[in-house]
Amino acid sequence: MVFYVIAIICTLAANLLSAIVLYQLALPFVILRGRWRKVLLFCALGGASSMVIWLSDPNLLYTLPFFTAAFLLATRGDRLGRLALAMIFFCLIMATCALTDTYIAYPMREMPWDLSYVLARVVRLLVYALIWILLARFFPSTPPTLSRPLWSLVLALAAMPLCALCAVVLLTYSHTGNDPATSMSLRLGIVVLPFVLATALVLLAAILVLARQERLERENALALQREVYYENLKAQDQQLRHLRHDLRNHISTAAGLLERGLTADAQRYLAELSESKGLASPVRYCDNEAANVVLAAQASALADAGMVADFSAQLPQDLPIAAADLCALLGNALDNAREGATGAPSPTITLRLRYDKGLVMLAVDNPIGHAIFDDLRTTKHDSAHHGIGLASMKQVVERYGGTLETTVDDKGFHLIACLSPQNR
């Protein structure tokens, strides 16, 4: 009786520790919805890791829909990304369970069941802990975000180990005993199940690498915009220096025209002088450098497209939002606005941006110059490389615990985003 109680305690402890390790492994990859959703994710991971999974055991199929539903309910973000992560973690957990139960607990079936059961759970815990140790050094400070095409690719790749897992576990579902089908299943399992586990690990590592690459690309784009911004400021400063140097000559010229009674020519000369770029005030929308860079670049792009940029921004120099995320949000919002306003007569793009009481609020309005789809997908012919701006904005907003709403009416297209960094 004492041995039985000790075995139960050890089993529960191993299951609980496995759930904790898996939860810590999943946290860097997902954005949780709320406190009770954290409990839901913890229970989903713990419940799956405590399942008894043998080769030819249908428990695998019974667990899959509940695990996937709980994972999706507990997290937020891109649906394809969450589904891909659910499949990856399911493969990782189920492959470990099938390996330990089939090749550790089953060969020890002549021993007391409690001992083999406890040993299998302890080995699972060690496997999960080893995985966490291997990946912990690469965990990002924020959950990885990928574009919709990359998440689609990861989802397609995640389907391969899932299919292999289901095939090898359910291969001999209708067979029992030591028949040839069962023996073949055991031989296949010892090869396929480690492959499934390794593939899940590789996919997790691939997500981290792809997310880092996309982050670097966004930072490079911001760096290029900064370079253009400061080059323009430098050129403007140089022109101002020239104007100051030639100011006496300009005054003399204007005075000479007036002395000869050529008032119209003097006025024209002074008007041309006042339009010099060197006399224009440097473009500065707010105290935040990253926002200034993006808004200046977008205002220039709108001017080149024959549109008016009506921007108003109130952001402090230090903002609890990564510069790359802020630039992605503003850049995609204004890119979409410029695309949507193409074809409209004398279009004006309005942007209002402010930071108040811990909230970043963004509103962008633009007229509609052409027909748009109900789902707001891109109207460009090259849709494979466009139309991901709205999805990218949603990822940024959700990462900072915010909301994003879009509406269309007679006045045009309206986007409102609210970010709450303190709820991140």
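Tutor: Gladly! Let's begin with a pair: the side chains of Asp310 and Arg352 meet in a salt bridge, with N and O 3.1 Å apart. This is a predicted model, where local features need pLDDT of at least 70 and side-chain atom pairs count only at pLDDT 80 or more, while totals for chains, interfaces and linings use all residues. Residues are numbered from 1 along each chain as its sequence is written, and side-chain values use heavy atoms, with hydrogens and water left out.

Student: Why is the pair Asp310 and Arg352 called a salt bridge?

Tutor: The term asks for a side-chain nitrogen of Lys or Arg within 4 Å of a carboxyl oxygen of Asp or Glu. Asp310 and Arg352 have N and O at 3.1 Å, so the pair qualifies. Side chains of opposite charge can pair when their charged atoms come close.

Student: What makes Asp310 and Arg352 a tie between parts of the chain?

Tutor: Asp310 lies in strand 3 (residues 308–314) and Arg352 in strand 4 (residues 348–356), so the pair links parts 42 residues apart in sequence. Helices (H or I, at least four residues) and strands (E, at least two) are DSSP runs, numbered from the N terminus.

Student: Is Asp310 buried, exposed or partly exposed, and how do you know?

Tutor: Buried means under 20% relative accessible area, exposed over 50%, and partly exposed in between (1.4 Å probe, protein chains only). Asp310 has 30%, so Asp310 counts as partly exposed. Arg352, at 35%, is also partly exposed.

Student: What about Asp325 and Arg399: how do you know where they stand?

Tutor: They form a salt bridge too, the closest N and O atoms being 2.6 Å apart. Asp325 is in helix 11 (residues 323–341) and Arg399 in helix 12 (residues 389–399), so this pair ties together parts 74 residues apart in sequence. Asp325 has 6% relative accessibility, so Asp325 is buried. Arg399, at 4%, is buried as well.

Student: What makes Asp101, Arg121 and Arg124 one network?

Tutor: Salt bridges that share partners join these residues. One of the bridges is between Arg124 and Asp101, at 2.5 Å from N to O. Arg124 belongs to helix 5 and Asp101 to helix 4, so this bridge connects parts 23 residues apart in sequence. Both Arg124 and Asp101 are buried. The structure holds seven salt bridges.

Student: How do you know that Cys166 is in no disulfide?

Tutor: The structure holds zero disulfides. For Cys166, the nearest cysteine sulfur, that of Cys163, is 6.7 Å away. Cys166 has a relative accessible area of 16%, so Cys166 is buried. Cys43, at 46%, is partly exposed.

Student: Which residues touch the most other members of the largest nonpolar core, and what makes a core?

Tutor: A nonpolar core is a set of buried Ala, Val, Leu, Ile, Met, Phe, Trp, Tyr and Cys residues joined through side-chain atoms within 4.5 Å. The largest one has 59 residues, and Leu92 and Ile93 touch the most other members. Helix 4 gives the largest share of this core, 15 residues. Apart from this core lies another of 38 residues, among them Met307, Ile349, Tyr400 and Leu404.

Student: And how many helices and strands does the chain have?

Tutor: The protein chain has twelve helices and seven strands. Buried residues make up 42% of its 424 residues.

Key
A disulfide is a pair of cysteine sulfur atoms within 2.5 Å.
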